[in-house]
Amino acid sequence: EEEFKWLLQEEVHAVLKQLQDILKEASHRFALPTSGLGAAVRQENFVLSTSGTDQVKGVLTLQGDALCQADVNLKMPRNNQLLHFAFREDKQWKLQQIQDARNHVNQAIYLLMNRDMNYQFKTGSEVLKLMDAVMLQLSRARNRLTTPATLTLPEIASSGLTKMFTPALPPDILVNFYINLNKLCLTVYQLHVLQPSTTKNFKPAGGSILHNPGAMFEFGSQRYEVSHVHKVECVVPWLNDALVFFTVSLQLCQQLKDKISVFSSYWNYRPY
């Protein structure tokens, strides 16, 4: 009984403090301030590339959770024509995945800070409940980075991203940016228009993270098929840090849950 009391009063708070420290580090990675309070979030440039092909090359500028510049060169397979397009000066593209992950981390920190050193935990189940709530937020944060949204081709075609470039994207090009684990990815889809005579086998593609050549869709009054897909990516080191912090934090939560559960089962089944 004394040992269990010590666990509730001392060790639980030590773990909560450790979790807070780790998650504050994770939160700082997302904010990326340059220095001091109120400082602007620093801009980082990333070169997009993929092994074995130079069809698509680009440089992206990331500022926290926003792509503030994108400069992309695309070599068209048909005629080797080189297309160049970049974000308009007045445009930024919010990466919702980064924003959501950061919000979940901050929610986990808020839950932990609500139980400061003066708070007395009365029961093991109270600690388990808190750990479950924190783990839920951390799992959601991790899942936002590891599981990009599945989109249909019409959703990609109608997204605000297509209107951000200068010169405007040609009608037979679609682009999509997303985060996958610690990578920032750009997918470029080249399309060809399906003639009315070939649409008898038309089967629109559903939602996917990455569509393959041959995927068909309807947009406006026109039917298209994907002819080529180019995916290029770059590693974002601080996203890697954040994922490590999530894993370590989830392990700490689980270890504390296991300790509490061992004591609780002994408590419930001890002989009288």
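Beyond its neighbours within four places in sequence, Ser249 is in contact with Leu19, Ile22, Leu23 and Leu138, contact meaning heavy atoms within 4.5 Å.

The model is predicted: local features need pLDDT of at least 70 and side-chain atom pairs pLDDT 80 or more, whereas totals for chains, interfaces and linings use all residues. Residues are numbered from 1 along each chain as its sequence is written, and side-chain values use heavy atoms, without hydrogens and water.

## Salt bridges

Eleven salt bridges are counted, each defined as a side-chain nitrogen of Lys or Arg within 4 Å of a carboxyl oxygen of Asp or Glu. Lys259 is partly exposed, at 39% relative accessible area, whereas Glu11 is buried, at 19%.

Lys257 forms a salt bridge with Asp132 at 2.6 Å, N to O. This pair links distant parts of the chain, with Lys257 in helix α5 and Asp132 in helix α3 (residues 124–146), 125 residues apart. Lys257 is buried, with a relative accessible area of 18%, and Asp132 is partly exposed, at 39%.

Arg88 pairs with Asp90, their closest N and O atoms being 3.3 Å apart. Here Arg88 is partly exposed, at 32%, and Asp90 is exposed, at 58%.

## The largest pocket

The largest pocket has a volume of about 270 Å³. A pocket is an open set of points on a 1 Å grid over the protein atoms alone, where a 1.4 Å probe fits, with protein on both sides within 12 Å along at least five of seven lines; lining residues have an atom within 4 Å of a point. The volume is the space filled by probe spheres set on the points, which are joined across faces, edges and corners.

Sixteen residues line the largest pocket, and Ala149, Leu151, Asn176, Phe177 and Tyr178 lie nearest its centre. Two or more lining residues come from each of β5 (93–94), α2 (96–113), α4 (153–158) and β7 (173–180). The largest share, three residues, comes from β7. The lining comprises nine nonpolar, four polar and three charged residues (Ala, Val, Leu, Ile, Met, Phe, Trp, Tyr, Cys and Pro count as nonpolar, Asp, Glu, Lys and Arg as charged, and the others, Gly among them, as polar).

Note on methods:
Helix = DSSP H or I, 4+ residues; strand = E, 2+ residues; numbered from the N terminus. Buried < 20%, exposed > 50% of the residue type's maximum accessible area, 1.4 Å probe, protein only.
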